[in-house]
Every structure is written in C-alpha cells, then in structure tokens.
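Keep the structure open beside the text while you read.

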Amino acid sequence: MNRHILRTGLRHCFDAGGTSVDCAGSGQDAEIGAGLPWPEPRFEPQNAGAVLDRLTGLCWTPTAAPFDFPQTWEEAFSAMDALNEDNGFGHSDWRLPNRRELRSLICHGSRKPALPPGHPFGKLHLGWYWTSTSAAIAPAYAWYVHLEGGRMFYGKKDGFCLTWPVRGTSPVLPVTGQTACFDIAGRPVSCRGTGQDGEVRSGVPWPDPRFERQGHAVLDRLTGLLWLHDADEAGGMLTWSQGLELARGLRERDGLAWRLPTINELESLVDASAHSPALPRGHPFRNIRDGYWSSTTSGFEPDWSYCLYLTKGAVGVGYKSLPEFFAWPVAAPKVP
C-alpha cells in the first residue's frame with residue numbers, strides 16, 4: 001500500500017477509444033487500486049455543520065462556496081479572517097487549503113462535480129477553486145482546482161475564483177514543499193500572518209534524504225514507491241496504450257511489477273517550491289521531460305487520461321491516442 005497517497009476513486013477501465021473494458025491484466029488504475037482506500041462512509045458531519053473527511057482527517061465547510069461569489073486570491077484570505085472572527089460553522093481556525101489538500105477531495109471517476117459519489121456538500125459550482133499555494137513558475141499566479149473534471153492549473157491572483165475553507169492537519173497528506181510567500185504581484189513577502197501555504201506548511205514532512213538510488217530504480221522514502229532512475233525509458237513520446245505496454249515489458253527485466261503510475265502517484269513527486277522541473281531539489285532522476293501519462297482515465301472523457309505537466313507541476317489530461325506524453329513507470333519494492 002502506498003504511504004501518503006490516496007486512491008483516485010476510478011473504478012472502471014477503458015481502452016484508448018474510451019470504451020469500457022475488462023480490467024484484468026490492463027495495468028490501469030482501476031485494476032491496481034493503488035493508494036490508501038477510502039473509508040465508508042468517507043464523510044462525517046460534525047457539530048455546527050463542518051464535515052470531516054475520514055480519509056484525510058481534514059474538515060471542510062458543508063457548502064463548497066460559503067462566500068457565494070468568486071473572489072481574488074487576496075480577497076479569499078480576507079474572507080478566511082472574517083469567517084474565523086464570526087466563528088463560522090462553529091470554528092475559528094479555517095484557512096485556504098493548499099493544492100494537495102484541495103486535490104484530495106477529487107474523485108477521478110466522477111464528473112460535474114469530480115467529487116466522491118454520495119458526498120454531502122452543497123453550493124457546488126463547476127468552476128475553479130483557489131488554493132493557498134503560489135505557482136513557483138509564476139508567483140503572481142496561484143494554483144487552483146476545477147471541480148467539473150478535476151484538473152489543476154494556476155491562475156492570476158487578481159482573477160476571480162471560488163473559495164472552499166478547510167481546517168485541521170492531515171496525518172496522511174504530505175506537505176507541498178512550498179516554504180516562501182508572495183503577494184498578488186508575485187513579489188516575495190514575509191509569510192507571517194499571511195495564511196499562505198508557505199506559512200502554514202500543513203501536512204506530513206518529507207524524509208531527508210527523500211530519495212535513495214537502488215540500481216536502475218530510485219526509492220521515494222516518503223511514499224515507499226520505486227521510480228525508474230531514467231524518467232524517459234522509452235526515449236520519446238508515446239501514446240497512452242504504448243505507455244501501459246512499456247511498463248508491462250519492464251517486468252521481464254527484474255521481476256518487479258512495473259506499471260504506469262496513477263495521477264495521484266505522479267503528483268506526489270511534485271515540489272511546489274520548484275519548477276522546470278517541479279521536483280525536489282537534489283533529486284537523482286535523469287532525462288526529466290515535461291508531460292507524463294498516468295494510468296488514470298478521465299472520468300469526464302474516457303478517451304482521455306490524466307497527465308502530469310512536470311515543468312509546472314500541473315495536472316491536466318491528454319488524448320490517449322496521440323503520442324504526446326512520456327511514460328515514467330513505477331513499482332512497489334519487493335517484500336523480503
């Protein structure tokens with residue numbers, strides 16, 4: 001079981017054309033079921049209406065848009081202060097979630113909204129939601145998540161997005177890696193009192209060193225996963241099906257169950273303080289490329305798959321039939 005990585009929520013397998021297929025032997029996300037399983041029920045209402053996510057340990061407001069209207073990034077932090085002054089929903093420690101916390105709510109097998117089936121939340125809008133994490137590649141921008149299909153990109157901080165408060169600290173989700181703070185123009189500022197990701201640093205700290213070279217593989221000591229040292233084993237872009245096949249072929253080399261990673265496994269590598277690539281400084285990998293296929297089909301359009309854009313750290317989608325992304329296989333270490 002992967003430490004500190006959640007299951008994606010995808011429960012079905014699809015071919016490159018988006019047709020549902022038997023999962024057996026596919027190597028796809030829904031067959032492997034990698035990551036921490038979701039409890040049942042996943043969400044539990046608390047006093048004064050706050051909702052506990054029993055998977056991550058975080059609490060969310062029962063409405064996904066308690067301030068009704070989109071706000072700038074700066075206004076979102078001010079709204080948190082006002083909510084806490086009013087002891088909103090029975091608590092005074094609400095904050096803007098970081099990128100990893102907000103993504104933890106996404107169910108990759110759902111659409112409109114991309115949230116777990118049976119969730120209890122109201123006032124859902126199929127738009128972008130702010131996180132407290134600035135984009136390292138462009139600090140005048142901040143990361144946001146789209147609830148229609150589960151993508152994550154970044155938008156200019158003076159733009160308007162919705163805000164979904166969170167409280168608590170997860171014993172499961174790792175920190176994003178961001179330690180600096182920036183104003184709406186992208187200028188560095190003191191983190192004190194900002195409520196930004198760089199100040200709060202919510203989540204499980206990374207081990208030091210995080211990565212350990214093991215022959216042609218690298219162990220991530222945070223998640224327990226093995227990644228190929230060469231992040232471009234195929235030597236070029238592949239279709240999604242070719243990426244799945246590449247991983248299956250590697251099993252003959254050393255007996256490890258190499259496979260295409262889920263989108264949550266890929267995103268776990270991202271250091272939100274870095275870009276070009278968005279990997280922890282001092283990482284041992286070579287031949288880093290920009291875009292990588294995951295084994296996670298898009299629940300919005302099943303002829304597309306989720307992808308990680310590693311130059312920026314963004315989560316998007318790619319059309320499965322086009323050779324426009326790279327493959328970076330992952331495996332679990334052998335148990336002695």
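This is a predicted model: local features need pLDDT of at least 70, side-chain atom pairs count only at pLDDT 80 or more; totals for chains, interfaces and linings use all residues.

Let's start with helix 2, which runs over residues 73–85. Its 13 residues reach 19 Å from the first C-alpha to the last, close to the 18 Å expected at 1.5 Å a residue. Buried here are W73, A76, F77, A79, M80, L83 and N84. Looking down the axis of helix 2, you'd find these buried residues within an arc of 155°, so they line one face of the helix. What do the buried residues of helix 2 pack against? They pack against strand 6 (128–134), strand 7 and strand 10 (181–182). On the other side of helix 2, E74 and E85 are exposed.

Helix 5 covers residues 240–254, and its buried residues are W240, G243, L244, L246, A247 and L250. Seen down the axis of helix 5, they fall within an arc of 155°, so they too line one face of the helix. Their cover includes strand 1 (13–14), strand 14 (225–228), strand 15 (291–297) and strand 16 (304–309).

| Helix | Residue after it | Phi |
|---|---|---|
| Helix 2 | N87 | positive, near 55° |
| Helix 5 | G255, just after the helix | positive, about 80° |

Next up is an open sheet of 4 strands, in the order 3-4-5-9, with antiparallel pairing. Strand 3 (43–45) and strand 9 (166–167) are at the edges with a single partner strand each, so one side of each has no neighbour in the sheet. Strand 9 pairs with strand 5 (residues 59–60) over 2 bridges. Within that pairing, C59 has R167 of strand 9 as its bridge partner.

**The nonpolar core**

The largest nonpolar core holds 57 residues, and W60, Y129, W164, W227, W258 and W328 touch the most other members. Several elements supply at least two residues each, among them strand 7 (141–146), strand 8 (152–156), helix 6 and strand 17 (314–319). Which strand gives the largest share of this core? That is strand 14, with 4 residues.

N264 sits in helix 6 (residues 263–267). Is N264 buried or exposed? N264 is buried, because its relative accessible area is 10%, and the cut-off for buried is under 20%. A polar atom of the N264 side chain lies 3.0 Å from the backbone oxygen of L6. Beyond four places in sequence, N264 touches I5, L6, R7, T8, R103 and H108.

D290 belongs to the loop between helix 6 and strand 15. With a relative accessible area of 30%, D290 is partly exposed. The side chains of D290 and T311 are joined by a polar contact of 2.9 Å. Not counting residues up to four places away in sequence, D290 also touches L308, Y309 and L310.

Methods:
Residues are numbered from 1 along each chain as its sequence is written. Side-chain values use heavy atoms; hydrogens and water are left out. Buried means under 20% relative accessible area, exposed over 50%, partly exposed in between (1.4 Å probe, protein chains only). A polar contact is a pair of N or O atoms within 3.5 Å; within protein, one must be able to donate a hydrogen and the other to accept it, and residues adjacent in sequence count only if both atoms are side-chain atoms. Contact means heavy atoms within 4.5 Å. The arc is that of the directions from the helix axis to the C-beta atoms. Two strands pair if DSSP finds at least two bridges between them. A nonpolar core is a set of buried Ala, Val, Leu, Ile, Met, Phe, Trp, Tyr and Cys residues joined through side-chain atoms within 4.5 Å. The expected span of a helix is 1.5 Å times one less than its number of residues.
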